[in-house]
Amino acid sequence: MDSVIGLSVFGVDWTFLKPYIVLGLALGGAYALSGVGLVVLYQTTGVLNIAFGAVGAAGALISYYLVNHTSTPQWLAFAACIAFGGAVSLLYGVVLGPAFAARDPLVKTMGTLALALILLGLMAWRAPAGGAFNRVLTLPTTNHRFELFGATVNWTQVISLAFAIFLTAGTTIFLRTTKLGTAMRALADDREITATLGVPVRRVEASAWLVSGLVCGTAGLLLADLFTTLDYAALTFLVISSLAAALIGRLRSLWVTLAGGLAVGLVQAVLAPYGSITGYRSATPFVLSIAALLYLSRHRVVSISRTAH
Amino acid sequence: MFTVERGALVRAAIILTLLAVVLFALPGSLGADWITTLTSVAIYSVVSLGLGILYGRVGMISLGQIALLVVGAWVATRLSYGTGLPFPLLLLVTGAIACVVGVLIGLPALRLSGLYLALITLMAAGAVSVVLRTIGFPNGGGGFTGRTSAVDLSGLAPVRRPAMAVADTAYFRYVVIVCALMFLLALLHIASKPGRAWAAIRESEPAALAAGVNITLYKLWAFALASFMAGVAGCLLAAQVGQPTAQSFQTQDSLTLLAAVLIGGIFSIWGAIVAGIFNQLVPFLFQAEWGINPNFLLIIFGVGLLQVLLTAPGGLVQQLPKDLASLGRLVVRGVRKVARGGGRST
């Protein structure tokens, strides 16, 4: 029971803040999900996939089309989004991955920027935003709600947060215990030596692309629902929030990435009711990533190696 | 200081002729929308030039150039409403303020390079854009932000243009001359001490350090120069648009700028002009002249970027002459073969 005089947090009533915390945790879960996908791919292949948001957005648009313009069953339409994410990522990784393998991380990243531009162009052409078009993609789980500590929570929000935690834990165990996971960790250390040891490097890389693509499709689906309107440009640039999560995790630690994603989502949502700074809350991922990058660079070494950052 | 070769003289003559054509012959034969578009081409080629210097000459990537362009446009708008500065002075002051902001964004470059530098400049640019979008562009009010909540803005004058170039055509000529001066500034840098220092830093930072190059100074210098150019371009853009709004700058602009600059070619300053054409003229052609959905251009940018990264690091500026030369050789060889074959048969 809330007391009559509600607890006030910097001038905003605590009960009023609750829904924002729920939303923040749900969005944070989706960012963390994408962040973990980014980190696993970066560690295995050295590619920081800027197209992560664009692929998810394109998948969500496909789902939207299948649900609203065809008689496809809903579950199949949602599965199509996840499958699309996996397929596009796998295709990119198999076709262009080897061509970029020996280049430095910046060039690899710009390669995925090209993929993002192509997808953005396709989406802007086939599914123009604005005007009378206001697409909404609602997962069936969103319609089931319950009360928790006086705040309304729907199942999509629960799934988002739970899946983020599950994926982080699952990936950690997977990387530690399975053969493929060990190969991925070896690749993260040194691609050439791993190849010399007889690990099928390209197959391991392809599986990393596939898995991160599936994660990307899932995140796109969740974010399209959590963001209430399906705006491809906004969804594409949500990659910034996921990047912030990954950077907070130093592109290395999965658990810190999870925490980073939740922090980005939470801070951004909780600032919303504060009138004086609410307009600046979308700067949250930028500011947090800058802080993370500055922390990363606190020890400067001049290195003669060509691949050094 | 400089020894003048014949090649350089010929090149200078060609450039001056081209400039004369652009200044005097072009405006007379083109419509109003073409003039506006070509003005934008000139402005964006200066922004591209800044990025080209940073990435092509010094090897530092910055995704913050579009944000600096917006900062320039904002400052120019504010100063135009708040002060009576003559236009050339407005250009310089705007450039100087953008320079300070740019050096601040560039400070991490002293510790970061490659991917991390690209990311931190992208994030800094994003933060600056959020702030500017929230504050909004000045609309004739007072105070630091220059905003007023008055509903009726019909009496608001556009951002000042130079007194001698108020009409669109005259302003186009003015912009081309300012842009030519910016290119000259870049050339002077590249041909003298900073250019050599930048080349040393790009090839190997430890070697440059060992050779006594002041890395801190020359890296920040490059950022200052590129930001100055972006600021001047922002001022020119504000005066061209008249009443700039935050909505006229899109989030994806800094990404398309990077793609356009790489496609144009980062190792030659001509690449900057090609990038300006790609960024402004081609979308105009697609939309207004050919009736093609301009979003196709994003797809072309993506494919072009992949091609540049994988096979043609010099961009269109280097690749096109190379391709044309090999095509020419192929044709000559074909003609010779036919001629020889023809000689034998008779």
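In which helix of chain A is Leu296(A) found?

Author: Leu296(A) is found in helix H13 of chain A, residues 284–296; helices here are DSSP runs of H or I with at least four residues, numbered from the N terminus. The model is a predicted one, in which local features need pLDDT of at least 70 and side-chain atom pairs count only at pLDDT 80 or more, while totals for chains, interfaces and linings use all residues. Residues are numbered from 1 along each chain as its sequence is written, chains are lettered from A and ligands numbered from 1 in the order in which they are written, and side-chain values use heavy atoms, with hydrogens and water left out.

Leu296(A) counts as partly exposed because its relative accessibility is 24%; buried means under 20% relative accessible area, exposed over 50%, and partly exposed in between, with a 1.4 Å probe and protein chains only. Its C-alpha atom is separated by 29 Å from that of Leu223(A), 73 residues apart along the chain. Not counting residues up to four places away in sequence, Leu296(A) touches Arg250(A) and Tyr116(B), where contact means heavy atoms within 4.5 Å. These two neighbours can be taken in turn.

Arg250(A) lies in the loop between helix H11 (239–248) and helix H12 (254–270) of chain A. Arg250(A) is partly exposed because its relative accessibility is 33%. Its phi is near 55°, a positive value in a residue other than glycine. Leu251(A) lies in the loop between H11 and H12 of chain A, and phi of Leu251(A) is near 55°, again a positive value in a residue other than glycine. Leu251(A) counts as buried because its relative accessibility is 0%.

The size of an interface is often given as the accessible area lost when the parts come together. Chain B and chain A bury about 4,000 Å² between them, 79% of it on carbon and sulfur atoms; buried area is the accessible area (1.4 Å probe) that two parts lose on being put together, summed over both. In chain B, Tyr116(B), Leu115(B) and Met123(B) lose the most area to chain A, together 18% of what that side buries.

Between chain B and chain A the count of salt bridges is 0, a salt bridge being a side-chain nitrogen of Lys or Arg within 4 Å of a carboxyl oxygen of Asp or Glu. The count of residue pairs in polar contact between the two chains is 2, both at pLDDT 80 or more. A polar contact is a pair of N or O atoms within 3.5 Å; within protein, one must be able to donate a hydrogen and the other to accept it, and residues adjacent in sequence count only if both atoms are side-chain atoms.

Conventions. Helices (H or I, at least four residues) and strands (E, at least two) are DSSP runs, numbered from the N terminus.
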